Amino acid sequence: MDIPLARKQEGKKFMWDGGTYASENEAQQVMHGYEQDGFETRMFVEEGQYLVYSRRVAAVQSGE
């Protein structure tokens, strides 16, 4: 299976976390963990494997 490292959805770029999950429930648990850390997540299914992609907008720090 050739899994893309990045995917675009709704004009946003999401990066694959590198894991393949056997069930939707397992993938959702992983996604929940990323979301608690401030990431946006998406799930895709390829060849019966669940894939988790995430993104987080970089925080802009203002200079003092």
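Guide: Start with a rule. Two strands pair if DSSP finds at least two bridges between them. Keep in mind that this model is predicted.

Visitor: What makes strand 1 and strand 2 a pair?

Guide: Count the bridges. Strand 1 and strand 2 (residues 12–16) share four, in the antiparallel sense. The rule asks for at least two, so the two strands pair. Among the details, K8 stands opposite K13 in strand 2. Q9 has K12 as its bridge partner in strand 2.

Visitor: What sits between strand 1 and strand 2?

Guide: Two residues, in a hairpin. E10 is in the loop there. Its phi is positive, about 55 degrees, although E10 is not a glycine.

Visitor: Why is E10 called exposed?

Guide: The cut-off for exposed is over 50% relative accessible area. E10 has 61% relative accessibility, so it counts as exposed.

Visitor: And strand 3 with strand 4: what makes them a pair?

Guide: Seven bridges join them, and they run antiparallel. At least two are needed, so strand 3 and strand 4 pair. One of the bridges links E40 to R55 in strand 4. These strands also form a hairpin with two residues between them.

Visitor: What is the backbone doing at E47?

Guide: E47 has a positive phi of about 50 degrees, although it is not a glycine. E47 lies in the loop between strand 3 and strand 4. Its relative accessible area is 66%. That is over 50%, so E47 is exposed.

Visitor: In what order do the strands lie in the sheet?

Guide: The order is 1-2-4-3. Four strands make up this open sheet, and the pairing is antiparallel.

Visitor: Why do strand 1 and strand 3 count as edges?

Guide: Look at partners. Strand 1 (6–9) and strand 3 each have a single partner strand, so one side of each has no neighbour in the sheet. Neighbouring strands of this sheet are turned by 35 degrees against each other on average, direction ignored.

Visitor: What holds the strands of a sheet together in general?

Guide: Backbone hydrogen bonds pair them, either parallel or antiparallel.

Visitor: Back to this model. Why is R42 called buried?

Guide: Buried means under 20% relative accessible area. R42 has 17% relative accessibility, so R42 counts as buried. Its place is in strand 3 (residues 40–46).

Visitor: What makes R42 and E10 a polar contact?

Guide: Distance comes into it. The N or O atoms must be within 3.5 Å. The side chains of R42 and E10 are joined at 3.2 Å. R42 also touches residues including Q9, F14 and Y53, not counting residues up to four places away in sequence.

Visitor: Why is Q9 called partly exposed?

Guide: The label covers the range between the buried and exposed limits, 20% and 50%. Q9 has 28% relative accessibility, so Q9 counts as partly exposed. Q9 is found in strand 1. Leaving out residues up to four places away in sequence, Q9 touches F14, R42 and F44.

Visitor: How many aromatic pairs are there?

Guide: The count comes to two. One of them joins F44 and Y53.

Visitor: What makes F44 and Y53 an edge-to-face pair?

Guide: Two values. The ring centres must lie within 6.5 Å, and here they are 5.2 Å apart. Planes over 60 degrees apart count as edge-to-face, and here the angle is 80 degrees.

Visitor: Why are F44 and Y53 called buried?

Guide: The relative accessible area of F44 is 17%. For Y53 the value is 0%. The cut-off is under 20%, so F44 and Y53 are buried.

Visitor: What does helix 1 lie across?

Guide: Helix 1 (residues 24–36) lies across strand 3 and strand 4 (49–55). The helix runs at about 160 degrees to strand 3.

Visitor: What comes just after helix 1?

Guide: G38, with a positive phi of about 95 degrees.

Key:
Residues are numbered from 1 along each chain as its sequence is written. This is a predicted model: local features need pLDDT of at least 70, side-chain atom pairs count only at pLDDT 80 or more; totals for chains, interfaces and linings use all residues. Side-chain values use heavy atoms; hydrogens and water are left out. Buried means under 20% relative accessible area, exposed over 50%, partly exposed in between (1.4 Å probe, protein chains only). A polar contact is a pair of N or O atoms within 3.5 Å; within protein, one must be able to donate a hydrogen and the other to accept it, and residues adjacent in sequence count only if both atoms are side-chain atoms. Contact means heavy atoms within 4.5 Å. Axes are lines fitted to C-alpha atoms, for helices over the stretch in contact, and angles run from 0 to 180 degrees between N-to-C directions. Rings of Phe, Tyr and Trp (its six-membered ring) pair if their centres lie within 6.5 Å; planes under 30 degrees apart count as stacked, over 60 as edge-to-face and the rest as tilted.
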